[in-house]
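This report describes the architecture and selected side-chain interactions of one protein chain. The sequence and the structure are shown below.

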Amino acid sequence: VEQQPSMPNACKRPLVLRTTNKFSARARLLVRLHDRNHRMEAKIHIDRSGPPRVFRRFNILTSSSKTLLAGDSPQDGLVCDFQYLTLKEQKDSRSGKGSKGTGEGPLAVTEELHLITFTLAYAYCGLELELETSTLPFIIISNNNQLSSAWASILWFNMLSADPKASRTLTPALLPPDQQFFSKPPAAPWPRLAEVLSWQFESVAERGLSREHLLMLAEKLFGKA
């Protein structure tokens, strides 16, 4: 996955999508063998293996399939670029608006992890393969008030997940990231959290946090030693 799901003007916060807002994602086939007698079409699916029952379910609107196109040079491989996509929540007729229904779980909507999967029926000179790869987990919000909490969840998952990049492989046998990570999230050691806080500050203010800044934050969180 060359470009993870992101909205335009995402304020350096990819992997947080808002319903009804357009977003894009792009995958690249890292081989340059193209059988021109075979039309290769990539498809995308959201939560293909099925999200936990307590999670909201969504449909991808607009085109969910694309023909692979050659890159700018032969070394670029083949690209499927999905743009102007939107998500729409599937409503349960038995529940009220915005409800998760009878199976409502303990997780907030900003802790639900969703995946988009790219699939491709690849063929070359008689060789036929079903290729599959997934994006990193992302969060779906319905209003901008949820943006900060959703981005915090993305940072927390990628900071503490055992292998957040496992889903990038093309081996279907590997399990995808744990979509119920926030059911029992692990504790963050302070050195790791301090590093992420400094990185986040630098991404916005172009300057990281000093040792004195981090000490002040640690005292506010844990009290003086």
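## A salt bridge between Glu132 and Arg48

The side chains of glutamate 132 and arginine 48 form a salt bridge, with an N to O distance of 2.7 Å. Glutamate 132 belongs to strand E10 (residues 127-134), whereas arginine 48 sits in the loop between strand E4 (41-46) and strand E5 (58-61), so the bridge ties together parts that are 84 residues apart in sequence. Glutamate 132 is partly exposed, at 24% relative accessibility. Arginine 48 also counts as partly exposed, and its relative accessible area is 44%.

The model is predicted, and its local features are reported only where pLDDT is at least 70.

## Overall architecture

The chain contains 3 helices and 11 strands. Along the sequence these elements follow the pattern β-β-β-β-β-β-β-β-β-β-β-α-α-α. Of the 225 residues in the chain, 40% are buried. Among contacts with a separation of 6 or more, 69% are between residues 24 or more positions apart.

## The salt-bridge network

In the whole structure, 7 salt bridges are found. A network of salt bridges links Glu2, Arg26, Arg28 and Asp81.

Glutamate 2 is partly exposed at 39% relative accessibility, and arginine 28 is partly exposed at 27%.

A salt bridge also joins arginine 26 to aspartate 81, where the closest N and O atoms are 3.8 Å apart. Because arginine 26 lies in strand E3 and aspartate 81 in strand E8 (residues 78-89), the pair ties together parts that are 55 residues apart in sequence. The relative accessible area of arginine 26 is 22%, which places this residue in the partly exposed class. Aspartate 81 is likewise partly exposed, at 25% relative accessibility.

Nonpolar side chains tend to be buried together in soluble globular proteins. Here, the largest nonpolar core has 44 residues, and those with the most contacts inside it are Leu29, Ile46, Leu87 and Phe118. Helix H1 (residues 147-160) gives the most to this core, contributing 7 residues.

The surroundings of leucine 87 can be described in detail. Leaving aside residues up to four places away in sequence, leucine 87 touches Leu17, Thr19, Thr20, Phe23, Ile46, Phe58, Asn59, Ile60 and Ile140. One of these partners, Ile46, is itself among the core residues with the most contacts.

## Packing of helices H2 and H3

Two packed helices are described by the angle between their axes and the distance between the axes. The axes of H2 and H3 come within 11 Å and cross at roughly 125°, and the two helices are therefore oblique to each other. Their crossing is right-handed. At the contact, Trp190, Ala194 and Leu197 in H2 meet Leu214, Leu217, Ala218, Leu221 and Phe222 in H3.

Leucine 209 is placed in the loop between helix H2 (190-205) and helix H3 (211-222). With a relative accessibility of 18%, leucine 209 counts as buried. Residues up to four places away in sequence aside, leucine 209 touches Leu197, Ser198, Phe201, Leu214 and Leu217. The C-alpha atoms of leucine 209 and glutamate 195 are separated by 8.9 Å, although these residues are 14 residues apart along the chain.

## Positive phi values in two loops

Most residues other than glycine have a negative phi. Leucine 15, however, has a positive phi, near 65°. This residue lies in the loop between E1 and strand E2 (16-18), and leucine 15 counts as buried at 6% relative accessibility.

Threonine 62 is a further residue other than glycine with a positive phi, also near 65°. Threonine 62 is located in the loop between E5 and strand E6 (65-67). In contrast to the buried leucine 15, threonine 62 is exposed, at 52% relative accessibility.

Terms used:
Residues numbered from 1 in each chain as written. Predicted model: local features only at pLDDT ≥ 70, side-chain atom pairs only at ≥ 80, totals over all residues. Heavy atoms only, no water. Helix = DSSP H or I, 4+ residues; strand = E, 2+ residues; numbered from the N terminus. Buried < 20%, exposed > 50% of the residue type's maximum accessible area, 1.4 Å probe, protein only. Contact = heavy atoms within 4.5 Å. Core = buried A, V, L, I, M, F, W, Y, C linked by side-chain atoms within 4.5 Å. Salt bridge = Lys/Arg side-chain N within 4 Å of Asp/Glu carboxyl O. Axes fitted to C-alpha atoms, helices over the stretch in contact; angles between N-to-C directions. Parallel < 35°, antiparallel > 145°, perpendicular 65-115°, else oblique. Left-handed = near helix turned anticlockwise from the far one by under 90°.
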